[in-house]
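Student: I have a structure to read and would like to go through it one feature at a time. Please give the general idea first, then the case at hand.

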Amino acid sequence: CESVLEALKLPFTLVPRSKAGDTLKTIDPRSVLVFDCNGDLETALKPPEAKALASFVERGGYLFTSDWGIAEEITPALPGFIAAGPEMPEEEFPVKIAPARGAEKHAYLRDVFPENPYDRARMKWMIDKQAYAIKTTPKVMVLVESPELGAKYASPAVAVTFRFGQGAVLHV
């Protein structure tokens, strides 16, 4: 994540996961919090950290998570929105992606997909090894989907968002 933020010339503060608990208690709710996928459930948020994360989002914070973030951050802090589906294979693999029905004009998708329908039809996303399929509930909006994932893992969701209090969550 920090490489992308540096390339975009966006200021950020890198916080080691071991310091997440202290940071979550004091972070300004006008912030964007990005949790890198750690891939280690031993480092999942503990109840006090999960409560602090939920409070951050509820007060207006913006949370971005990916892959194992479902089990490491979302489920402990914000249960009932998305859950971990089946685990993907050991190797990365590409899938075709498209905006989900009704999400084509969502602000988060601005400049993500080409306007040309032929180019859009060729869009692919690399699914990380051992990532979880995203089980959704009616409380979330699916932004990006893959019919291939839907056929293999019973959920086509690649990117989802939901509101929580005054804040929002984006999970990819």
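Student: Where does G102 lie in the chain?

Tutor: G102 sits in the loop between strand 5 (98–99) and helix 5 (117–121); helices (H or I, at least four residues) and strands (E, at least two) are DSSP runs, numbered from the N terminus. This is a predicted model, in which local features need pLDDT of at least 70 and side-chain atom pairs count only at pLDDT 80 or more, while totals for chains, interfaces and linings use all residues. Residues are numbered from 1 along each chain as its sequence is written, and side-chain values use heavy atoms, with hydrogens and water left out.

Student: Is G102 buried or exposed?

Tutor: Buried means under 20% relative accessible area, exposed over 50%, and partly exposed in between (1.4 Å probe, protein chains only). G102 has a relative accessible area of 59%, so G102 is exposed. The C-alpha atoms of G102 and M141 are separated by 9.0 Å, with the two residues 39 apart along the chain.

Student: How do I read a nonpolar core?

Tutor: In soluble globular proteins, nonpolar side chains tend to be buried together. A nonpolar core here is a set of buried Ala, Val, Leu, Ile, Met, Phe, Trp, Tyr and Cys residues joined through side-chain atoms within 4.5 Å. The largest one has 28 residues, and L33, F35, L53, L63 and L78 have the most contacts inside it. At least two residues of this core come from each of helix 2 (20–26), helix 3 (47–58), helix 4 (69–77), strand 7 (132–136) and strand 9 (157–164). Helix 3 gives the most, with six residues.

Student: Which residues does L78 touch?

Tutor: Contact means heavy atoms within 4.5 Å. Not counting residues up to four places away in sequence, L78 touches A54, V57, L63, E73, F162, F164 and V169. A second, separate core has 21 residues, among them I97, L109, A131 and A168.

Student: What about S155; where is that residue, and what does its side chain reach?

Tutor: S155 is in the loop between helix 6 (147–153) and strand 9. Its relative accessibility is 7%, so S155 counts as buried. The side chain of S155 reaches the backbone oxygen of I134 at 2.4 Å. Leaving aside neighbours within four places in sequence, S155 is in contact with I134, K135, L149 and G150.

Student: How many salt bridges are there?

Tutor: Side chains of opposite charge can pair when their charged atoms come close. The rule for a salt bridge is a side-chain nitrogen of Lys or Arg within 4 Å of a carboxyl oxygen of Asp or Glu. By this rule the count is three.

Student: Which residues form them, and how accessible are they?

Tutor: Take them in chain order.
- D28 and R30 meet at 2.7 Å, N to O. D28, at 29% relative accessibility, counts as partly exposed, whereas R30 is exposed at 74%.
- R110 and D111 meet at 3.3 Å, N to O. Both D111 and R110 are exposed.
- D119 pairs with R122, the closest N and O atoms being 2.5 Å apart. D119 is partly exposed at 31% relative accessibility, and R122 is exposed with a relative accessible area of 57%.

Student: Where is L10 placed, and how accessible is that residue?

Tutor: L10 is in the loop between helix 1 (2–7) and helix 2. With 42% relative accessibility, L10 counts as partly exposed.

Conventions: A polar contact is a pair of N or O atoms within 3.5 Å; within protein, one must be able to donate a hydrogen and the other to accept it, and residues adjacent in sequence count only if both atoms are side-chain atoms.
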